[in-house]
Structures are given as C-alpha cells and as structure tokens.
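Have the model open alongside and follow each stop as it comes up.

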Amino acid sequence: MIDDESITKVVIQISTISAFNMNEIINISRQATGQLCKSAENSDHSQEGGVLSGRNALDSDLSRFLVQATIIIVLSRFLHIFLRKLRQPRVIAEMLGGILLGPSALGSIPGFTNLLFPKSSLRTLNLVANIGLVFYLFLVGLELEPQAFFNNIKRSLAISLAGIVLPFTVGVACSYGLYVYLLVPNEHNVPFTSFLLFTGCAISITAFPVLARILTEKKLLHTPVGLMAISAAALNDATAW
C-alpha cells in the first residue's frame, strides 16, 4: 500500500509545477513516479511470506479452513482405529470427534475455540460440510432403485408413522419437566409451545445421513432390511420437516 507521506510529496510537487519550465516538470514527474513505485514495492514485500516471515497462518481464511479440516479428519480417523475393533461404523467416530472438539471437551480449554474454530470461520466450514453432505446423499440416491422403494411404500409408511408418533409423544410428555427444571424460563425467553414442538421433533426425526452412512459401510443398503430402513427414514424426515 502507498503511504501517505509519498502521496503528500507528489501533491506538493505537482502544485508547484507552474513555477518551473518543461524540463523541470519532466524531472519532477520522474522523481515522483520513482518514489511511488519504490513505496509500493516495499509495501508488497512487507506483505509477502507466511509463517517463516512471522505472520500467523490462521489469519487467512483458507489456511484456517485447511487446519480445521485436517484436525477433524485426523481426529475422526484416529478414533475409528479403536472403534473399529468394536465393530462400530466410521460415522460414530466422526460424531465422537465432533463432541471432543466441541465445548464439552477440548472447547472448554481457554482460547482453543477462538484460535481454531472462531465463529467467523464456522460459516465456511458449515458450507463445505453441507456441500459434501449433498453430494454424498446424491451418490446414495444413485445406488437406490426407485422400483424397490415403491414396492415397499406401504410397509415403509407404516414404519415411518410409528417411528414418528411414539417418539413425538414421549418427547412432548417429557418437555414440561425439561422446560421447567433445565431451561429456566425466567432466564431464556423461549415459549413453552415452541420448546414442546422442538423436543418432540428432535426425538422423532431419524438422522437420514447417518443411517445412510451406516447402511452403506455395512453393505446393507441393497438388502431388503436396508431398503426398508432407508425408505422409512426418508418418509420420516419428509413428514417431520
């Protein structure tokens, strides 16, 4: 960036050009151009470099995202090494990794969240995660046969309704106690009706992407049980939302 001192010198010199002849004007122009180019060159050099030049690598949005993605992938793969021995799918390790990186574990360390996962960077992280989720579900949909889905539509609909009504009823029944003893209505301006509906829907909705990951990894997606489960989960999500 060109500093104010160089610009001031140029302005002063240009304002006095009427007192000189043409040769002097040319010399002043050359000197002013040289000063501006030198100032811009020094400014560019001061902004070059990364960690070796003393700059913080997390100041850049791209570098911060790469660090976040690396931490998430490495941690989830590391947890999967142990959970694989218990025959748990990889998505369970990813869920545990999210809990560990959240405020319940590592996020409780002072400065950890603000350094690696500040609020300003969560929008980019969520955007990339949603794009990946859309592409994954698209690939899952390509592997499913619509005819198999429609052949089991009646059974899937019955399972879906049962999977919504019973959990929703339990969630509504428990919502009053949760609202009174946990939410503290005097401190949170949340209407009881909204909390009741939220609790019922949160318990009754099936995590469709998680179910798809489990069925795909266990190679159950094309089995009768897998088709029934994925169809019921799709109807469950569509009905609940």
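A quick word on terms: helices here are DSSP runs of at least four residues, numbered from the N terminus. On that count, Leu 83 is found in helix 3. Keep in mind that this is a predicted model.

## The overall picture

The protein chain has 11 helices and zero strands. Reading from the N terminus, the elements simply go α-α-α-α-α-α-α-α-α-α-α.

Of the 241 residues in the protein chain, 24% are buried. The accessible surface comes to about 16900 Å², and carbon and sulfur atoms own 67% of that. As for the contacts with a separation of 6 or more, 63% link residues 24 or more positions apart.

## Helix 4 and its buried face

Helix 4 covers residues 90–101, so to speak a 12-residue element, and its first and last C-alpha atoms are 17 Å apart, close to the expected 16 Å. Which residues of helix 4 are buried? They are Val 91, Ala 93, Gly 97 and Leu 101. Looking down the axis of helix 4, you'd find these buried residues within an arc of 155°, so they line one face of the helix.

What covers the buried residues of helix 4? The cover includes helix 3 (61–83), helix 5 (112–116) and helix 10 (208–217).

## Where helix 4 meets helix 10

Two packed helices are described by the angle between their axes and the distance between the axes. For helix 4 and helix 10, the angle is about 140° and the axes are 8 Å apart. That makes helix 4 oblique to helix 10, because an angle has to be over 145 degrees to count as roughly antiparallel.

## Around the end of helix 3

His 80 lies in helix 3. Is His 80 buried or exposed? It is buried, because its relative accessible area is 7% and the cut-off for buried is under 20%. Leaving out residues up to four places away in sequence, His 80 touches Gln 88, Pro 89, Arg 90, Ala 93 and Glu 217.

Leu 83, also in helix 3, counts as buried at 15% relative accessibility. Beyond its neighbours within four places in sequence, Leu 83 is in contact with Gln 88, Ile 92, Ala 93 and Leu 96. Leu 83 and Ala 93 are 10 residues apart along the chain, with 6.9 Å between their C-alpha atoms.

## Pro 89 in the loop

Pro 89 sits in the loop between helix 3 and helix 4.

What does Pro 89 touch, not counting residues up to four places away in sequence? The answer is His 80, Ile 214, Glu 217 and Lys 218. Pro 89 and Leu 215 are 126 residues apart in sequence, yet their C-alpha atoms are 9.3 Å apart in space.

## A look at helix 6

Helix 6 (residues 119–143) has 25 residues, which should span 36 Å at 1.5 Å a residue; the end C-alpha atoms are 37 Å apart, so the two agree. Its buried residues are Ser 121, Leu 125 and Val 140. Helix 3, helix 5 and helix 10 are among the elements that cover the buried residues of helix 6.

Conventions. Residues numbered from 1 in each chain as written. Predicted model: local features only at pLDDT ≥ 70, side-chain atom pairs only at ≥ 80, totals over all residues. Heavy atoms only, no water. Helix = DSSP H or I, 4+ residues; strand = E, 2+ residues; numbered from the N terminus. Buried < 20%, exposed > 50% of the residue type's maximum accessible area, 1.4 Å probe, protein only. Contact = heavy atoms within 4.5 Å. Areas by Shrake-Rupley, 256 points an atom, 1.4 Å probe, with all protein chains shown as cover. Expected span 1.5 Å × (residues − 1). Arc of directions from axis to C-beta. Axes fitted to C-alpha atoms, helices over the stretch in contact; angles between N-to-C directions. Parallel < 35°, antiparallel > 145°, perpendicular 65-115°, else oblique.
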